[in-house]
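Thanks for coming. I will go through one structure this morning, and I will keep it short.

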Amino acid sequence: MTDIPTLLLASSSPFRRELLGKLQLDFIHQSPDIDESRLPGESPTELVMRLAKEKAGALAAQHPDTLIIGSDQVAVLGEQVLGKPGTEEKAVEQLTAASGKRVTFLTGLCLLNTATGRTQVACEPFNVQFRTLKPEQITRYVALEQPLNCAGSFKSEGLGIVLFKALEGRDPNSLIGLPLITLTEFLAAEGIQLPPEL
């Protein structure tokens, strides 16, 4: 397999870097600087797809002949969009609201080929059914894991798994923030077959 374009992950997330590493492709990473505010009337699906595109596009001018991966995620509880809590108090509030309920995580994914301008975009849903949680469980969890920069206030790849009753979705990687099944399909459309050749 020759002449593979440079692969760039438009993210500062160590979790996304770890996930992309599973594909055994060489890649670089850089954090894009964009406004992640939700637009008036924008649905959660539209939001994550737009932000994934904007994250990839923000780095395009600096990286010609590159495949740029952008990704963004929100959690949806009923009609409410749960972002990153930022504080312990907000994390406790989010988890208290999610107790006993189903939360849908929507992960937007974009693969931008800066050589051709081709953009592939998708949204991958994943459902989490929460256990009925006691206040002290929530407080202990937040204190131990500090999930303050995680949409929905938990880390499924860590202790967050104890909060769940069931997980439902096509790709568990999307819950952590990078839908690898969809990404593999996008890469194949760009001529990159996986597993890579030795």
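**Cysteines, strands, a helix and charged pairs**

Cysteine 123 is partly exposed, at a relative accessible area of 22%. Keep in mind that this is a predicted model. Cysteine 123 takes part in no disulfide, and the nearest cysteine sulfur, that of cysteine 110, is 13 Å away. Cysteine 150 is buried, with a relative accessible area of 11%. Cysteine 150 is in no disulfide either, its nearest cysteine sulfur being that of cysteine 123, 18 Å away. Across the whole structure the search finds 0 disulfides.

Next, the strands. How many of the 12 residues of β5 are buried? The count is 11, so β5, residues 102-113, is mostly covered. Strand β5 runs antiparallel to β3, and 10 bridges join them. One of the pairs there is valine 76 with threonine 104, the latter in β5. β5 is also antiparallel to β6, residues 119-130, through 11 bridges. Valine 103 stands opposite valine 128 of β6. The hairpin of β5 and β6 has 5 residues between the strands, and glycine 117 takes a positive phi near 85 degrees in it.

Now helix α1, residues 14-21. Its buried residues are Arg16, Leu19 and Leu20. Why do they sit on the same side of α1? Because they cover an arc of only 95 degrees around the axis. The buried residues of α1 pack against β1, α2, β3, α5 and α6. At the start of α1, a side-chain oxygen of serine 13 comes within 3.2 Å of the backbone nitrogen of phenylalanine 15.

Last, the charges. Side chains of opposite charge can pair when their charged atoms come close. The search of the whole structure finds 8 salt bridges. One of them joins glutamate 36 and lysine 55, with the closest N and O atoms 4.0 Å apart. Glutamate 36 is in the loop between β2 and α2, while lysine 55 is in helix α2, 19 residues apart. Glutamate 36 is partly exposed at 41% relative accessibility, whereas lysine 55 is buried at 8%. Glu36 and Lys55 also belong to a network of salt bridges with Asp72.

Arginine 50 and glutamate 42 meet at 2.6 Å, N to O, in another salt bridge, and both residues are buried. Arginine 102 and glutamate 168 form a salt bridge at 3.6 Å, N to O. Arginine 102 lies in β5 and glutamate 168 in β7, so this pair ties together parts that are 66 residues apart in sequence. Both count as partly exposed, arginine 102 at 45% and glutamate 168 at 35%.

Key
Residues are numbered from 1 along each chain as its sequence is written. This is a predicted model: local features need pLDDT of at least 70, side-chain atom pairs count only at pLDDT 80 or more; totals for chains, interfaces and linings use all residues. Side-chain values use heavy atoms; hydrogens and water are left out. Buried means under 20% relative accessible area, exposed over 50%, partly exposed in between (1.4 Å probe, protein chains only). Helices (H or I, at least four residues) and strands (E, at least two) are DSSP runs, numbered from the N terminus. The arc is that of the directions from the helix axis to the C-beta atoms. Contact means heavy atoms within 4.5 Å. A polar contact is a pair of N or O atoms within 3.5 Å; within protein, one must be able to donate a hydrogen and the other to accept it, and residues adjacent in sequence count only if both atoms are side-chain atoms. A disulfide is a pair of cysteine sulfur atoms within 2.5 Å. Two strands pair if DSSP finds at least two bridges between them. A salt bridge is a side-chain nitrogen of Lys or Arg within 4 Å of a carboxyl oxygen of Asp or Glu.
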